[in-house]
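Good morning, and thank you for making time for this presentation.

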Amino acid sequence: MKKLVKVLAVLAIACSLVACSNNTNNTDDTNTLKVTCTLDPHSKILEFAKPILEEKYDIELEIEVIDDYYIHNRALNEKEADANYFQHVPFFDGEVEANGYNIVNVAGVHIEPFGFYSKTITDLEALPENAEVVISNSVADHGRILSILAKAGVIELSADASALDATVEDITNNPKNLTFTEINPTLLATAYEQGEGDIVAINGNYAIQAGLNPTEDAVLLEQADETNPYVNIVATHADLENDERIEALVEVLKSDEVKNFIYETYSDGSVIPAN
């Protein structure tokens, strides 16, 4: 009987060791990276990068699309995601300053030029007196939108106002007496489709999502190049800044393969890679 007990005990220990070994191997095989993003172009670019990341670095990319801008950074700060890819630098800086988020900008990937769209006019010179301009209620977008209008000669801004911080209070000359209506950025394309306002300022990703072609459909389009401060970035939690998975993601997103994909997919210039 004693011998039988000893044999059973040895078998139990052996089985336990095998189970532990199998569990360890399963954990090592799972190397995931959760990234939140908006639909277009961010999720499309990530979907293209996903097999490259898996083949080259054995990292499984988990992509979660979230339309609400204000959820991404909060989720990242609370470590509900490993990274996000949806925002430009001024928006990121404003969120960090306002909320004290412990998150960092790790790379610029692409730029989406802002466009102004209208159901009533096809030429900016036809913009009527007292026209209503529908814009994002994100303060980080205001300077950019107003600077585009100023460069087009529609308004004038004070000398010390910039594309990063200008507000409607900085307008020094408004010959057409434009009024500005602020709404949630996710509703801008809907406002355009419903004919709200005389012109609607829509960011590139929402314009694409609504089936608009910025270079063909916009009454006025931002002139964007790779030095534009509104580059869309990858952000991560400060604790993950030097994580090998994040470094791998950045390397892939800035690779020639992804750059060529962006150029080919968005040949209308609505999205361009950033250096």
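**The six-stranded sheet**

Six strands form an open sheet in the order β2-β1-β3-β12-β4-β13, and their pairing is mixed. The edge positions belong to β2 (60-65) and β13 (272-273), each of which has a single partner strand, so one side of each is left without a neighbour in the sheet. Before I continue, please note that this is a predicted model, in which local features need pLDDT of at least 70 and side-chain atom pairs count only at pLDDT 80 or more, while totals for chains, interfaces and linings use all residues. Residues are numbered from 1 along each chain as its sequence is written, and side-chain values use heavy atoms, with hydrogens and water left out.

Some terms are needed here. Helices (H or I, at least four residues) and strands (E, at least two) are DSSP runs, numbered from the N terminus. Two strands pair if DSSP finds at least two bridges between them.

Let us turn to β3. Is strand β3 (residues 83-88) enclosed or open? Six of its six residues are buried, so β3 is largely enclosed by the rest of the structure. Buried here means under 20% relative accessible area, exposed means over 50%, and partly exposed lies in between (1.4 Å probe, protein chains only). Strand β1 (residues 32-37) runs parallel to β3 and is joined to it by three bridges; Val35 stands opposite Ala83 in β3. With strand β12 (residues 232-237), β3 runs antiparallel, and five bridges join the two. There, Gln87 stands opposite Ile233 in β12.

Further along the sheet, strand β4 (residues 103-111) and β13 are joined by two bridges and run antiparallel. In this pairing, His110 stands opposite Pro273 in β13. Helix α3 (residues 69-77) packs on the sheet, touching β1, β3, β4 and β12, and its direction makes about 140° with that of β3. Contact means heavy atoms within 4.5 Å. Axes are lines fitted to C-alpha atoms, for helices over the stretch in contact, and angles run from 0 to 180 degrees between N-to-C directions.

**The five-stranded sheet**

An open sheet of five strands has the order β9-β6-β10-β5-β11, again with mixed pairing. Its edges are β9 (179-183) and β11 (220-221); each has a single partner strand, so one side of each is left without a neighbour in the sheet. Strand β5 (residues 115-117) and strand β10 (residues 199-202) run antiparallel and are joined by three bridges. Which residue of β10 is the bridge partner of Tyr117? The partner is Val200. On this sheet packs helix α5 (residues 139-151), which touches β5, β6 (132-136), β9, β10 and β11, with its direction at about 140° to that of β6.

**Aromatic pairs**

The structure holds seven aromatic pairs. Rings of Phe, Tyr and Trp (its six-membered ring) pair if their centres lie within 6.5 Å; planes under 30 degrees apart count as stacked, over 60 as edge-to-face and the rest as tilted. One of the pairs, Phe48 with Phe261, is stacked, at 4.3 Å centre to centre and 10° between the planes. This pair links distant parts of the chain, for Phe48 lies in helix α2 (residues 39-57) and Phe261 in helix α10 (residues 256-265), 213 residues apart. Phe48 is partly exposed at 29% relative accessible area, whereas Phe261 counts as buried at 17%. Phe86 and Phe91 form an edge-to-face pair, 5.9 Å centre to centre with 80° between the planes, and both are buried.

**Salt bridges**

How many salt bridges does the structure hold? There are eight, a salt bridge being a side-chain nitrogen of Lys or Arg within 4 Å of a carboxyl oxygen of Asp or Glu. Glu64 forms one with Lys34, the closest N and O atoms being 3.2 Å apart. Glu64 lies in strand β2 and Lys34 in strand β1, so the pair ties together parts that are 30 residues apart in sequence. Lys44 and Asp40 form another, also with closest N and O atoms 3.2 Å apart. Both lie in helix α2, four residues apart, about one turn of the helix. Lys44 is partly exposed at 42%, while Asp40 is buried at 5%.
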